Amino acid sequence: MHPLIQQLTSHGPVITDGAWGTELQARGLGLGEFPDLWNLTQPERVGEVAQAYVAAGSQVILTNTFGANRVRLTEQGSAEHTAEINARGVEISLKAASGRARVFASIGPTGKLLMNGDVTKDELQAAFSEQARALAAAHADALVVETMSDLEEAKLAVSAARETGLPVVACMVFDSGKDKDRTMMGTTPEQAARALTEAGADVIGANCGQGIAGFLGICKRLRGATDRPVWIKANAGLPTMVDGRPVYTTTPQEFAGYIPALLDAGASFIGGCCGTRPEFIAAISRNLSGT
Amino acid sequence: MADLKKLYDSVVSGDAKATQALTKEALAEGVDPLNLVNEHMVPAMDEVGRRFEANEYFVPELLISARAMKAALELIRPLLIARGDKPVGRVAIGTVKGDLHDIGKNLVASLLEGGGFEVIDLGVNVSPEKFIETVNSKQANIVAMSALLTTTMPSMKTTIDALKQAGVRDKVKVLIGGAPITQKYADEIGADGYSENAVGAVALAKKAVTAA
């Protein structure tokens, strides 16, 4: 096991963070506005989100770099800022963490389907390598390849991330099929765990896609198919609209109530995805410390 | 003699080459192009949809079957246009304003084409005005909207309101979809239909044009 991962998991379950998009919106990010650009234009507000998670008890926080690969930044007309957006993102999180939490930098999908020929393997490899290098150069503690639906893309991202020598977390979205236990492309947790472990990921996981109840089964299946620690970041359910704004109805307490079961199912890293907030992390923290 | 059962099989298995070759053969023998579509290829796509719902097929299989279907339609469409046949329906499809995600939207567009619809793909980040303009200029009778982000979902409501304002709301059926979308949301904003997946979208679209 990678020494950092060993060190973190040796003390018990590790609390990661929650959603960033909605927290940035609460601080003024417009509907549909691309969050990663705020690393350049509103770094203080991005820092506030990071600080809020550290204060709530996150032992690992991520970075506002989920979409900061060249493919997506090109769509935004900001490709020339790729290096800067990633570097700033890590710096902001490191500053907020101030040694109290580790910074695992986020690498999200490109949004293009290899199968459709929207993008080539070489283009993906190049984009992920560029992003991983920028994140590593800014001193991220680890890299998180997250919210992946396509196993081929995930493998390319993991291989690019590994080139940096940093520990790599690899997680996919299992939200499809009648049991919501496959990725959109049909990959099962077992297939993902095996392929991503083989690709060299240090931690294997699942994030997004559905509420926390569904993650228990997925976590068990990941746990059974790899010897790597398992990383889980669940949504706070699916949103309903209240006065034109999306509202997630799972409460922090309800969410945290699932923690014992999630630990039984084999999770080592626990956090939240869409709809979760610092209050969720605080609730998880209280649950784990038995208060 | 073109084996039309083989044509059905090649669509179901996503063999674009075989589908095209068999279509060419059948057309050359004088098989009615509409018959090919309605009696053989549409049922094949229905089977693909059934397998998707049964968890046997996933997105990759949908994509290659849709591709096979489209390869055949490329040969057939000119013939249908030449004799004045109308498509099953005309769909203006797009990802809503503020949202750039298009995998789901592309999948639905592919399957709708496979289902015999004329699809006007407006791309991503589509404003309400663009949807309205397409309804008017292309006589679209279905508006299909996709959003992946909860933060761009409100654009669906804005678009529906804009359709009302422009006086064209009752000329179209509005169908919506996307990861954070729910039936409840569809009901709240007055959409005509919601589907959890691309296969359901095609079924909804077919219902929409027959109910009209």
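Because the model is predicted, local features need pLDDT of at least 70 and side-chain atom pairs count only at pLDDT 80 or more, while totals for chains, interfaces and linings use all residues. Residues are numbered from 1 along each chain as its sequence is written, and chains are lettered from A and ligands numbered from 1 in the order in which they are written.

Start with chain A. Its secondary structure comes to 13 helices and ten strands. Helices (H or I, at least four residues) and strands (E, at least two) are DSSP runs, numbered from the N terminus. The radius of gyration of chain A, taken over C-alpha atoms, is 17 Å, close to the 19 Å that the globule rule gives for 291 residues, so chain A is as compact as a globular protein of that length. That rule is 2.2 Å times the number of residues to the power 0.38. The C-alpha trace of chain A spans about 50 × 40 × 40 Å along its principal axes.

Of the 291 residues in chain A, 60% are buried. A residue is buried if 20 or more other C-beta atoms lie within 10 Å of its own, exposed if 12 or fewer, and partly exposed in between; C-beta atoms are placed from the backbone. Now take contacts, meaning C-beta atoms, placed from the backbone, within 7 Å. Among those in chain A between residues at least 6 apart in sequence, 78% join residues at least 24 apart.

Next, the sheet of chain A. Eight strands form an open sheet with parallel pairing, in the order β1-β10-β7-β6-β5-β4-β3-β2. The edge strands are β1 (14-15) and β2 (60-61) of chain A, and each pairs on one side only. Two strands pair if DSSP finds at least two bridges between them. In chain A, β3 (residues 102-107) and β4 (residues 142-148) are joined by four bridges in the parallel sense. Ile107(A) has Val145(A) in β4(A) as its bridge partner.

Val145(A) turns up again in the largest nonpolar core, which has 96 residues. A nonpolar core is a set of buried Ala, Val, Leu, Ile, Met, Phe, Trp, Tyr and Cys residues joined through C-beta atoms within 7 Å. Ala140(A), Leu143(A), Val145(A), Val169(A) and Ile232(A) touch the most other members. Leaving out residues up to four places away in sequence, the residues that Ala140(A) touches include Val103(A), Phe104(A) and Leu166(A). Apart from this core lies another, of 71 residues, among them Val42(B), Leu112(B), Ile132(B) and Met153(B).

Now chain B. An automatic or database domain assignment divides chain B into domain 1 (4-82) and domain 2 (90-211). Their centres, taken over C-alpha atoms, are 25 Å apart. Their contact takes 13 residues from domain 1 and ten residues from domain 2. On the domain 1 side, α4(B) gives the largest share, seven residues.

Strand β3 (residues 142-146) of chain B has five of its five residues buried. Ile142(B), Ala144(B) and Ser146(B) point one way, and Val143(B) and Met145(B) the other. Five bridges join β3(B) to β1 (residues 90-95) of chain B, in parallel. There, Ile93(B) stands opposite Ala144(B). Five bridges also join β3(B) to β4 (residues 173-177) of chain B, again in parallel.

Finally, the two chains meet. Their contact takes 24 residues from chain B and 23 residues from chain A. On the chain B side, the elements giving two or more residues are α4 (59-82), α5 (103-114), α7 (154-165) and α8 (183-189).

Key: Contact = placed C-beta atoms within 7 Å.
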